[in-house]
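Please look over the sequence and structure shown here.

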Amino acid sequence: MKACVLYISRTGNTKLMAETIAGHLNAPIFDIAKPEGFVSGDFDLLVVGTPLMGGRPAPEVSAFLQNLPEGAGKKTIVFCTYAITKAGALKNMQSELAKKGYVTVLELSKRVLRQSKADFSDCLVELSKILKE
Ligand SMILES: Cc1cc2nc3c(=O)[nH]c(=O)nc-3n(C[C@H](O)[C@H](O)[C@H](O)COP(=O)(O)O)c2cc1C
């Protein structure tokens, strides 16, 4: 399965999570702020991440999802970092993706209070598990 990781990050937390996931999957990574070279058709699995912003995904991520081409059953994984509560941000992304015909197979989230102490190992375990299925 050919995967790529797409993310937005303001202060580096989501970037660190995205890089950790991309490293684990040995997948290319794109910053949604400037996704140069990203062609959706090149991949079977899109892994899309955002920080929580006012209880929602970052606006650039919502816009990016709305502008994706039709997914026709293509798989997605959504993830977020947050400080207080992830609220419905991942469900929101999932429903935007579903409108386009993408199937979300996993949601990953991490509360990051101090970036230097962020530990994504539980997320990587979940990721490996779902990719084996
Ligand atoms: C403008 C703004 C709004 C935020 N809104 C929320 C929120 O609604 N819920 C929450 O848990 N964290 C919220 N946060 C915290 C960030 O989601 C959290 O620090 C995240 O890890 C930042 O990711 P980044 O370093 O990739 O930008 C907010 C941060 C900012 C700057």
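## Nonpolar core

The largest nonpolar core has 34 residues, and those with the most contacts inside it are Cys 4, Leu 6, Val 47, Val 61 and Met 93. Such a core is a set of buried Ala, Val, Leu, Ile, Met, Phe, Trp, Tyr and Cys residues joined through C-beta atoms within 7 Å; a residue is buried if 20 or more other C-beta atoms lie within 10 Å of its own, exposed if 12 or fewer, and partly exposed in between, with C-beta atoms placed from the backbone. At least two residues of this core come from each of strand E1 (3-7), H1, E3, helix H2 (59-66), E5 and helix H3 (89-99), where helices (H or I, at least four residues) and strands (E, at least two) are DSSP runs numbered from the N terminus.

This is a predicted model, in which local features need pLDDT of at least 70 and side-chain atom pairs count only at pLDDT 80 or more, while totals for chains, interfaces and linings use all residues. Residues are numbered from 1 along each chain as its sequence is written.

In H2, Val 61, Phe 64 and Leu 65 are buried. They cover an arc (of the directions from the helix axis to the C-beta atoms) of only 95° around the axis, which puts them on the same side of H2. Pro 59, Ala 63 and Gln 66, on the other side of H2, are exposed.

## Ligand surroundings

The ligand is surrounded by 18 residues (C-beta atom, placed from the backbone, within 6 Å), the closest being Ser 9, Arg 10, Asn 13, Thr 14 and Pro 51. Helix H1 (13-25), strand E3 (45-53) and strand E5 (75-82) each supply at least two residues of this shell.
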